[in-house]
Amino acid sequence: MMDIKLIASDMDDTLLNSKVTISERNAKAIKSALAAGKIFLIATGRMYVSACPYAQRLGLDVPLVTYNGALVKGSATGEIFYEHKMNLETANEVLAYCKEKGYYVQLYVGDSILIKEENACSKMYTKISGIQTTAIGDALYHTDEAPYKILVMTSAEEFADVWEQFSTQFKGKLDVTSSKDNFLELMEPGINKWEAVKSVAASYGVKPEEIMCIGDSNNDISMIKNAGIGVAVANAKDNVKEHARIVTASNNDDGVALVIESILMPQAKEE
């Protein structure tokens, strides 16, 4: 087995339990990995300001992969490694489409989440992310600054249909993925967690086959299927598990810790 040098984990429903915290066992396993000379990355659909406190709690001084890979920025230094925002014209077309259809939409510009008005969706998002949204009324539907991503929330029943609409309507202009059952994530084409993780790994001289990636949702598939070892947590969607080499325990049962401990154990014995 190739020696794993870099571990990249998704946050929500993977590294974080359902209380949206990092368990003691997960934190301990990550610290053991760091002590063993491994690199640990967080790769999330969340915005940088929402992911950063978790990285700091773990004492990580690494580039954070945020907005599904649209912004990679140092957790301790704040240095931007790279960013790839959505095409401005496409973003405005998407906003006009959401307005016409009456969809709930969140626009990620700079470190802000812009929405039309506070509602149950925005309150739920704030509860999960710890980030307050900014309501700007109809001004939401035109932006002069390119966003990192656009998030559309739907009901579970409409989800597949709305996904299909965006995929068809904006074919070639957007990549559509999801991070939760009703969160549609709209990204610039070619922007995904794997491309970002691979690029960070290369900056450390780490090859793709020396990377382990852990996740649960559609926006994790790119990294799970391309990494040397792709891992899905037990609570992952079935279509995500299909791409994984290993299925570990769930996010509430320290799945991240278990898989990190498993790669550290044999290596410790070999040494």
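**Exercises on charged pairs**

The structure holds 11 salt bridges, a salt bridge being a side-chain nitrogen of Lys or Arg within 4 Å of a carboxyl oxygen of Asp or Glu. This is a predicted model, in which local features need pLDDT of at least 70 and side-chain atom pairs count only at pLDDT 80 or more, while totals for chains, interfaces and linings use all residues. Residues are numbered from 1 along each chain as its sequence is written, and side-chain values use heavy atoms, with hydrogens and water left out.

**Exercise 1.** Find the salt-bridge partner of Lys5 and say which parts of the chain the pair ties together.

*Step 1.* Lys5 pairs with Glu210, and their closest N and O atoms are 3.1 Å apart.

*Step 2.* Lys5 sits in the segment before β1 (6–9) and Glu210 in the loop between α7 (193–203) and β12 (211–215), so the bridge ties together parts that are 205 residues apart in sequence. Helices (H or I, at least four residues) and strands (E, at least two) are DSSP runs, numbered from the N terminus.

*Step 3.* Now check the cover: Glu210 is buried, with a relative accessible area of 4%, whereas Lys5 is partly exposed at 34%. Buried means under 20% relative accessible area, exposed over 50%, and partly exposed in between (1.4 Å probe, protein chains only).

**Exercise 2.** Which helices do Arg25 and Glu261 lie in?

*Step 1.* Begin with the contact itself: the two side chains, Arg25 and Glu261, meet in a salt bridge of 2.6 Å, N to O.

*Step 2.* Arg25 belongs to helix α2 (residues 24–35) and Glu261 to helix α10 (residues 255–270), so this pair ties together parts that are 236 residues apart in sequence.

*Step 3.* Arg25 is partly exposed at 36% relative accessibility, and Glu261 is partly exposed with 25%.

**Exercise 3.** Describe the salt bridge between Lys198 and Glu195.

*Step 1.* The closest N and O atoms of Lys198 and Glu195 are 3.6 Å apart.

*Step 2.* Lys198 and Glu195 are 3 residues apart in helix α7, which means that about one helical turn separates them.

*Step 3.* Both accessibilities can be read off: Lys198 is partly exposed at 30%, and Glu195 is partly exposed at 35%.

**Exercise 4.** Which residues are linked with Lys193 in a network of salt bridges?

*Step 1.* Recall the general idea: side chains of opposite charge can pair when their charged atoms come close.

*Step 2.* Asp10 and Asp220 are linked with Lys193 in the network.
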